[in-house]
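Here are a few notes to go with your first look at this one. Have the structure open as you read.

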Amino acid sequence: MEKHPGSLCINPHPLNIWKAQEVYSLRMLRSREKMERENMEEHNQSKKRLRVCVATCNRADYSKLAPIMFGIKSHPEDFELEVVVLGSHLIDDYGNTFRMIEQDDFDIGSKLHTIVRGEDEAAMVESVGLALVKLPDVLQRLRPDILVVHGDRFDALALATAAALMNIRILHLEGGEVSGTIDDSIRHAISKLAHYHACCTRMAEQHLIAMCEDHCRILLAGCPSYDKLLSTHHREDYMDIIKSWLGDKVQERDYIVALQHPVTTDIQHSIKIYGLMLDALLSFNKKTLILFPNIDAGSKEMVRVMRKKGIEQHPNFRAVKHIPFEQFIQLVCHAGCMIGNSSCGVREAGAFGTPVINLGTRQTGRETGENVLHVRDADTQNKIYHALELQFGKRYPCSKIYGDGNAVPRILKFLRTIDLDEPLQKTFCFPPVKDPISQDIDHILETQSALAIDLGGTNLRVAIVCMRGKVVKKYTQPNPKTFEARMHLILKMCTDAMRDAVCLNCRILGVGVSTGGRVNPQEGVVLHSTKLIQEWSSVDLRTPISDTLHLPVWVDNDGNCAALAERKFGHGKGVENFVTVITGTGIGGGIIHHNELVHGSTFCAAELGHIMVSLDGPDCSCGSHGCIEAYASGMALQKEAKRLHDEDLLKVEGMDMKLSEPITAAHLISAARMGNSKADAILNKASTALGVGIINILHIVNPSLVILSGVLASYYQAPVQRIISERALLSAQSIKVVTSDLEEPALLGAASMVLDYATRRIY
């Protein structure tokens, strides 16, 4: 192409064209982004962020409020968070727990010292008044759109009162619940002052509706603390946390968490319960983490009780003022039991299946899972100790009554829907409310019962025995001689007793059978019986009784049952090692070693009547010679009494003996007491044989107690104690011999198998 002079000729290159297009596109993109930012700023200016003030008064309510505070803080485009701290958070005696709020990186807008010390009713009232004096300035300065208040504390009542009078909207957490103390009145008063409600359970929602609250302003959210505990309680380092608070030797599920607060409507009674709880825990002898009570009236006296009993110095106890919530839920989750009256026991502990004993009336109106055992009238140490025996070490199904872990998202969504231009007028409705049902220790002790069978040589006895060890009703029939007739009568008597149990309001948990002879308790089979019970070998008792009554059945030897009866209801209660010796028609007994019954490899342990005390003694029913039973049993004494009677050497002057009555061991004892030297010599030999046999037992198993049971027990007690002090090794001479106070050891022992094992539910 020819170029003209003075002209500029440009030959466009493709790369230059692409660059020009890119610059144009970039300018257009930046222009659009600028317009979008301007539009967003205009939108944000038109949408006001909700100014939310969260007020926390103590360590307990902070565990519920903290998840909400974190949620609000994570959405700065929607909310502006203000934090007010007051109450026991700022008191050194209660751990200065405001520091944990600062450690969670929350800016505390105001700290109000509102607690008047004194820990009595007047101090609580003065604290409410002091808070009401200080709160108006803070609320006027912060000017929140909504104030979030938790629970049922007197501090929270001051917050709700001040906010309501200053026309500040109130969101109340955990309203509608029932706990049975002054907390109820405070909680319901706050609900009446509040404009919005975030409740935890369906029943609480219904209670709020019944209290005339507008259904549209009630959110069934669940408990906010569940959001954290359900997501964090499966921590791998939980044993490190447990050991840091309770020591290196403690094991999972082998310790107790105790937390008891005063009941302000009955302070003296709650202090008494606190002392009984501490006594029961001392007796129960397990590692225990005990937290100081809250600041309510009566707490100072409770601390005095704790210190008077030396709890802070006791090696089994660790007393603390505060535990961070994340660590506390680990301790509750893996505890063998939680005891006290804290709401944590009836709420958070249920999420883990941790067994809980709730003492007194402070929480008894709350909804609970199966894990909670109420001891409403905790009037004795034994009742609390028995509750510990029932609950410690169990695991229950996990309960989500109070939340599913999604409360905070629901509450934040609820807050976003609040229309600040909406009037606060409430509507009213009155739906029916269903009463809560939960376990109760008195109900258990009175109604949960066992069917006990005592198969004797002469009589067959069946009894209904309640948890307290009371024989509610007893049935007695002569024991038939044949196997078929005997089994038919057992099943008939049990069926009759089951029918009567319904009328007596007794819930039968199972059947226990006490019988003579050698028994395999694992299979419920009588292997070999005594000569008194004919046709009774290799008999399966468990299957026909269980099939007929549709109940679990336990079977054991009558001597073992006597030992079990002493362990649960008699002198052996709380004794780790003891021996029971039955001195009746024959000689038998049972051995409790480390709180467990000793059966032996072939189920013939504790055949105490057949301990040989002489190589050439009288014949024994077992086929041997010189056994204790051949000397000291009722049958042996009766045989000697008949011999003296036949030789006209039994009766002495002044002795009343009718010609028609059969000669028994009682006649021999009566004659000896009236100066019959022959009778006295026979009884001395019998006492010596029994005493020497018991010394052999002491030297073999070394129990700390010997319990004599049976009709001859009261006669043998003093001579046996004397023989032990004279002939036993020095280390065993001080072991005490006592006589049983139980009137029905065989029946009570049969019942105790049921009452001990049927209530050990493992999930």
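1. Start just after helix α21, where Asp648 takes a positive phi of about 60 degrees. Bear in mind that this is a predicted model.

2. Now step back to the helix itself. α21 covers residues 634–646, 13 residues in all, and its first and last C-alpha atoms are 18 Å apart, close to the 18 Å expected.

3. Which residues of α21 are buried? They are Gly634, Ala636, Leu637, Ala641 and Leu644. Looking down the axis of α21, you'd find these buried residues within an arc of 160 degrees, so they line one face of the helix. Turned away from that buried side is a face with the exposed residues Lys639 and Asp646.

4. What do the buried residues of α21 pack against? Their partners are α20 (628–632), α22 (665–673), α23 (677–701) and α24 (713–727).

5. Elsewhere, have a look at the largest nonpolar core, which has 66 residues. Met277, Ile290, Ile339, Leu359 and Leu388 have the most contacts inside it. Helix α10 (residues 267–284) gives the largest share of this core, ten residues. Domain 1 (48–223) and domain 2 (235–391) both contribute residues, so the core lies between them.

6. A word on confidence: the chain averages a pLDDT of 87, and 89% of the residues score at least 70.

Methods. Residues numbered from 1 in each chain as written. Predicted model: local features only at pLDDT ≥ 70, side-chain atom pairs only at ≥ 80, totals over all residues. Heavy atoms only, no water. Helix = DSSP H or I, 4+ residues; strand = E, 2+ residues; numbered from the N terminus. Expected span 1.5 Å × (residues − 1). Buried < 20%, exposed > 50% of the residue type's maximum accessible area, 1.4 Å probe, protein only. Arc of directions from axis to C-beta. Contact = heavy atoms within 4.5 Å. pLDDT = per-residue confidence, 0-100. Core = buried A, V, L, I, M, F, W, Y, C linked by side-chain atoms within 4.5 Å. Domains from an automatic or database assignment.
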